[in-house]
Amino acid sequence: MEDFDFEKSMNRLKEIVATLEDELLPLDRAMKLFEEGCLLANNLKKYINEAKQKVEMYSKEIIEDITMDGYDEREDLKEHS
Amino acid sequence: MQIDGKRRIYSVSEITFFIREILEEQFPLIWIRGEVSNLSRPLSGHIYFTLKDNNALISAVWFKSNHGFTKNISSEDLRDGKEVICAGKITAYPQKGVYQIIVEFIEDAGIGNLYLELELLKRKLKEKGYFDEGRKRPIPLNPKKVAVITAKKGAAIQDFLKIAREKGMEYVIRIYPSSVQGAEAEREIVNMIETANREQWAEVLVIIRGGGSFEDLHVFNSEKIAHAIYNSKLPVVTGIGHEIDYTIADMVADYRCATPTHVANFLWENKETYIQQIDELSISLYENIGRLIRSKEKSLRINIREMKANSPLYKFQKTITILYKLVKDLFVSMDSRIELEKIKSEKYSYRSVSKLKEKLLETEIDLSLENKNMVNSINKKINAFSSFVHLMFSKMESLNPKIQLKRGFTYIKLKTGDIVKSSKELKKGDMIDIVFYDGEKEAVVK
């Protein structure tokens, strides 16, 4: 899913749904669009459900991964109060 | 107070009250000039604030009973940034261990220096086009690579990450740590804006800071930071302080959010919203294709009906119907020519025409069956029908009285035209006509 363009796929799916509203659309084209739409919907859901999240800390030498747990909320509140 | 050997030991209260005495004695009424900041108005109606200049500050209390004693300013107009001259006595507040001025009179000393400088800077940057709406770039929705300039540890990054995680979209957030207040803040923030721009890794650059006083946030009014944001190749989103805080950095940024939380909400759409949207689109997809197929089915049925109507088979059927009518007409016209009495008793009368009609109808029903052999069977029936008609014609021919005459028969007519059927009808001397196949002869009965 690396190169999956979520926004683009979402817009394409909307476009397909709108196109299929036209009952005069030739059947073979409609079926092709329908198949494409199903595939898009599956991929979109897969993308959403498998979304990865990462937080890094920049420093001059390295960019280190940090976990969310590294943040102690109470400590921070103290610092700012 | 205790005397312990040579030492004189005070309790905290004793020394605090002692200091208070000295302060009140020394400064019974003084005038201080300074800028108002951190002003608060609790329900009690008293006003608390800090008087400050570039190097120092002093707490101030303005009790409600003294609010009437002012010059060029009312107690309602007193706010952060106002440069004022206060009159009052200095005292200590033992419970907090601080000294403060009890204000008895306030005079407006003109616009606060910080505010004045800020207004001048805003005007200057505005003229240079830093705030122009036209130069503001769109911010990508659901960015996957986000650079965040903020304090390494602070409420701002906490709030931001919390919302980002809740949103659930895919991202990498790279924090560019920087002080957000104090002497180093300006230099560090500018440095990080430039670093993120050099890297060109991110899709969007976020600058956030938690809430604070006007002074705390003042670094974001820096001209250098404004300049760095203005020159940023990455689009910049700010979320500095609270809703009411509006710094120069906010004004130069491509998009200003009220708080760090708002920035995260602005950048990412909610995962659940998308899941719902995808579900709805999938349902529409199935509904639309279903409707489309049903519509195609309907027009197909109509086409088949039209095709049948135009088919040679159907036309053939129609022709048969016409033929049947013609045959019927033929019979009728023949009947009118042949004397009815003569053929009434014969086989092939009107009744036989009805039978013929039935046969034709059967043929028609057979024709309507969708069968490959239909044409053949129709042909057969048509052939049978035509031989039948042929036979009929021959038989009818033989019944024609004139044909009988050809074989040597004659019949007798009276002068009235009536045909003589019995010898008893004739008496002597009657004039009669004898009808031959090729003519008539007159005769007299003897």
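Across the interface of chain B and chain A, 16 residue pairs are in polar contact, both residues being at pLDDT 80 or more; a polar contact is a pair of N or O atoms within 3.5 Å, where within protein one must be able to donate a hydrogen and the other to accept it, and residues adjacent in sequence count only if both atoms are side-chain atoms. The model is predicted, and local features need pLDDT of at least 70, side-chain atom pairs count only at pLDDT 80 or more, and totals for chains, interfaces and linings use all residues. Residues are numbered from 1 along each chain as its sequence is written, chains are lettered from A in the order in which they are written, and side-chain values use heavy atoms, with hydrogens and water left out.

The interface joins 46 residues of chain B to 48 residues of chain A by contact, that is, heavy atoms within 4.5 Å. The size of an interface is often given as the accessible area lost when the parts come together. Between chain B and chain A the buried area is about 4,400 Å², and carbon and sulfur atoms give 63% of this area; the value is the accessible area (1.4 Å probe) that two parts lose on being put together, summed over both.

Three salt bridges are counted between chain B and chain A, each defined as a side-chain nitrogen of Lys or Arg within 4 Å of a carboxyl oxygen of Asp or Glu. The elements of chain B that give two or more residues to the side touching chain A are helix 3 (155–167), strand 10 (171–177), helix 4 (185–199) and helix 9 (271–310); helices (H or I, at least four residues) and strands (E, at least two) are DSSP runs, numbered from the N terminus. Helix 9 of chain B provides the largest share of that side, 18 residues.

The side chains of D279(B) and K45(A) meet at 2.5 Å, N to O, and the pair crosses from helix 9 of chain B to helix 2 of chain A. D279(B) is partly exposed at 31% relative accessibility, and K45(A) is likewise partly exposed at 27%; buried means under 20% relative accessible area, exposed over 50%, and partly exposed in between (1.4 Å probe, protein chains only). Another salt bridge joins R291(B) and E23(A) at 3.7 Å, N to O.

Strand pairing provides a further link. Strand 1 (residues 53–58) of chain A pairs with strand 10 of chain B in the parallel sense over five bridges, where two strands pair if DSSP finds at least two bridges between them. Within this pairing, Y171(B) is the bridge partner of Q53(A). Strand 10 of chain B also pairs in the parallel sense with strand 9 of chain B, over six bridges, and V148(B) stands opposite I175(B) of strand 10. Strand 9 (residues 145–150) is largely enclosed by the rest of the structure, because five of its six residues are buried.

Since E199(B) lies in helix 4 of chain B, the pair ties together parts that are 25 residues apart in sequence. R174(B) is buried at 8% relative accessibility, whereas E199(B) is partly exposed at 29%. Salt bridges that share partners join K54(A), E56(A), R174(B) and E199(B) into one network.
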